[in-house]
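Let's take a friendly walk through a few helices and strands. Have your viewer ready, and follow along section by section.

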Amino acid sequence: MNEPAHFPAKALGRLADRVVNGGVVFFIGSGFSIDSEGNSSRRLITRLLIRLLALADTLGRPEIVDDLRLTFGLKDAPSDSNLFRFTLAHVDALATRYYETNDWFCVAFGTLLRGLPPGTLDAVANREETIRLAAAGRDAKLRDDIPLDRIDPRLGEWALRESRAAGKALFLDTMGFRSERVMGGEPEESDPRKVLESYGGRLLPRHHIIARLAREGFCSITITANFDLLLEGAFRMSGFAMRFPNGGITETLSPPTYIDEFARIASPSEFFVLGTGHRSAVLVKMHGCAQHYKQLRDRGDDEAVAKYLPSMVFTYREIQNWRQDSWAADFLRTLMRTHTVVFCGYSLQDPVIHDTFRTVYEEMGRASGTTDAKKTEEDAPAFFLAPGEENEREFHGMEVLHAATRAFGTTPEHFNKHENYVRFHFRSDSRFPHVDEQLQWLEHKVFRIRQQQCLKAFLHRGVAGMFGKPRPDAEVQAVIDAFEAQMKREQERAEVQWTEAQGRREHAAVCAWTSQFHAGLLREFASIDVLHADRRPSRMMSLMRQLPWYYPTTASGGWVAWGAVVELALRNMAAALWNKTGAALDPMELRPAESLAPTLFFSEKPGETPTALTIRFCGFERHGAEPRIVGFPARKVLWELCRTDAPWPLQRAKDQRGDDPNMQRMSPPDAKTLWDAAIGTVTAAEARNYLGVAAK
């Protein structure tokens with residue numbers, strides 16, 4: 001048996017450096033969304049077959065089903081059923097010829113719609129449900145728990161005028177493009193709480209991370225071939241306002257930052273209106289958008305729908321025409337020449353897209369003309385994140401990576417592997433890592449690099465302003481050295497120890513420092529800033545305390561630097577409880593909790609139920625309110641910051657202890673005490689006092 005593969009920490013670390021430099025564009029494919037909505041090619045083809053059979057049976061048109069079999073060579077029809085007359089092998093065969101299959105279905109649906117009497121729609125719907133259940137009974141892999149929506153009666157009349165357009169519309173309806181259960185989410189809702197509710201748990205860490213990197217301004221352009229609305233939802237929840245072609249804009253969820261709005265571009269007209277915005281992120285949906293299609297269909301404007309349908313790239317003809325679609329193709333070529341492209345969940349099997357990427361990279365290679373001995377394949381301007389085993393290769397992705405390697409005059413080092421080829425598992429697979437875990441590490445590394453930069457740029461001046469005089473250079477350097485040592489320890493453990501056996505648990509504990517603790521701490525600092533600006537609690541403040549918006553590190557380097565000091569101090573306090581040094585502290589002995597407020601779990605002794613320590617500015621909620629924490633700590637300690645303390649109190653106030661024995665409210669250590677703890681001068685007795693641990 002092969003040894004479990006180690007976590008791809010080195011490759012993701014290299015990618016993080018490029019992200020911070022602003023030179024990365026994510027290219028998102030269907031593999032990015034399948035864990036959320038399950039819209040696999042197999043599922044979509046099955047839905048199309050169910051509707052085709054129901055229409056053909058109801059209208060007495062068996063020749064259309066026979067034509068499908070003849071066109072795509074589907075032999076050996078199952079003899080034990082007169083309902084779902086296809087096998088799993090048939091479905092998979094159609095999925096491998098995706099664009100051709102889609103083209104055939106659009107034409108077939110248009111033909112059937114022309115002869116569809118409105119009075120037969122009930123019979124078609126009943127037949128569809130019977131066939132759907134039969135398909136699930138034939139093979140569990142063909143099961144779909146979401147019934148097809150009823151056929152829109154307007155399509156029959158439309159088909160008499162434009163059969164192909166009506167057929168394409170029925171094709172999209174059949175796959176669920178108008179169904180909230182298939183393509184869920186309402187990113188255009190003004191109220192961010194309704195946005196979050198509309199997704200019903202579909203948004204995964206991967207979506208939030210792409211949005212957070214856009215909020216930072218590092219990856220302000222994201223490209224996707226997907227039709228779903230998941231990225232838009234994550235962009236809204238990160239704090240972005242959504243901008244529309246008519247000039248409208250939704251409500252924002254955070255204080256103003258350099259980039260605080262985004263635009264979705266899903267058609268040529270939107271590209272020319274929204275594609276040149278400044279201080280705005282853009283989400284380019286180069287094959288169209290389900291929500292845009294749904295809105296046009298709901299308005300009943302057949303002419304507008306027909307005009308937009310070619311932008312929904314699904315058929316063989318449409319993908320061939322995409323090459324001449326200058327707004328998308330030229331935009332993509334320009335980005336390839338100037339950025340590192342990260343293919344995430346995109347197979348690159350699409351012949352037109354594959355040819356586009358290889359052609360551009362080969363042109364770049366011919367233009368360079370020379371071989372750069374200083375570069376290796378690690379310097380290639382492309383990364384490929386795809387599902388698969390360690391010993392598996394995806395031909396199309398490997399070919400594009402090799403072409404990208406040659407683009408800078410570098411010869412690929414290996415024929416059957418590449419340093420920028422990163423494999424992951426789907427969430428349905430228990431093995432480590434999933435794509436969420438890879439992107440969480442990428443986000444963690446980006447945040448750590450930013451902390452390192454901010455410490456060097458802002459720490460000396462920041463503490464001088466806080467304390468009223470500069471701290472000795474040796475102390476400042478000691479904090480920077482301690483933080484960089486922590487970064488090095490994390491990287492070394494990720495490269496060597498994060499295997500399938502133990503990696504997932506420790507990975508979560510390490511990455512939560514940036515995704516949970518520091519993100520929460522920046523939210524607290526930004527919230528108190530808003531309170532000072534508004535001079536009173538407001539609706540915006542209420543929203544900011546309820547939702548997981550993201551405040552970028554690029555907005556306030558001083559806060560980021562002080563957050564690193566807080567982390568080092570807490571690590572050293574926890575280490576003092578365990579009679580260790582901060583360097584020897586195990587990642588699980590002090591770990592962030594899942595909470596909107598910055599919260600840590602720690603235990604006084606091994607095996608004890610942990611205590612939760614939360615840092616929060618008080619006065620925003622009703623008296624006695626506590627931040628929600630995922631988990632069951634034995635005790636809760638709350639470091640309460642006052643609005644005059646931002647970002648940290650210079651003196652420690654008198655503790656305010658409530659009646660709840662399991663909740664201790666206290667003032668945090670003052671800034672000087674925290675600074676001393678960060679550079680390692682903290683005793684066990686002091687740590688007990690600051691962490692609310694009873695003296696022995």
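## Strand pairing around β14

Two strands count as paired if DSSP finds at least two bridges between them. Keep in mind that the model is a predicted one. With that in hand, look at strand β12 (residues 611–617): β12 and β14 pair in the parallel sense, over seven bridges.

Strand β14 spans residues 635–641 and is mostly covered, with five of its seven residues buried. β14 also pairs with strand β15 (residues 663–666), again in the parallel sense, through four bridges. Here L638 has R665 of β15 as its bridge partner.

## The eight-stranded sheet

Next comes an open sheet of eight strands, with parallel pairing and the order β3-β4-β5-β2-β1-β6-β7-β8. Which strands stand at the edges? They are β3 (241–243) and β8 (421–424); each has a single partner strand, so one side of each is left without a neighbour in the sheet. From one strand to the next, the twist averages 20 degrees.

A241 stands opposite E261 in β4. Elsewhere on the sheet, helix α19 (residues 395–407) lies across β6 (340–344), β7 (382–387) and β8. Relative to β7, helix α19 runs at about 165 degrees.

## Helix α5 and its two faces

Helix α5 covers residues 88–96, and its buried residues are L88, H90, V91, L94 and A95. Why do they line one face of the helix? Seen down the axis of α5, the buried residues fall within an arc of 160 degrees, so they line one face. As background, an α-helix has 3.6 residues a turn, so residues three or four places apart point the same way.

The face turned away from the buried side of α5 carries the exposed residues A89 and T96. As for the covering, the elements over the buried residues of α5 include α3 (41–59), α4 (62–72) and α6 (98–114).

## Helix α14 and its surroundings

Helix α14 (residues 290–299) has A290, Q291, H292, Y293, L296 and R297 as its buried residues. What covers them includes α8 (154–161), α9 (163–175), α13 (268–274) and α15 (302–308), along with strand β4. After α14 comes G300, which has a positive phi near 75 degrees.

Terms used
Residues numbered from 1 in each chain as written. Predicted model: local features only at pLDDT ≥ 70, side-chain atom pairs only at ≥ 80, totals over all residues. Heavy atoms only, no water. Buried < 20%, exposed > 50% of the residue type's maximum accessible area, 1.4 Å probe, protein only. Arc of directions from axis to C-beta. Contact = heavy atoms within 4.5 Å. Axes fitted to C-alpha atoms, helices over the stretch in contact; angles between N-to-C directions.
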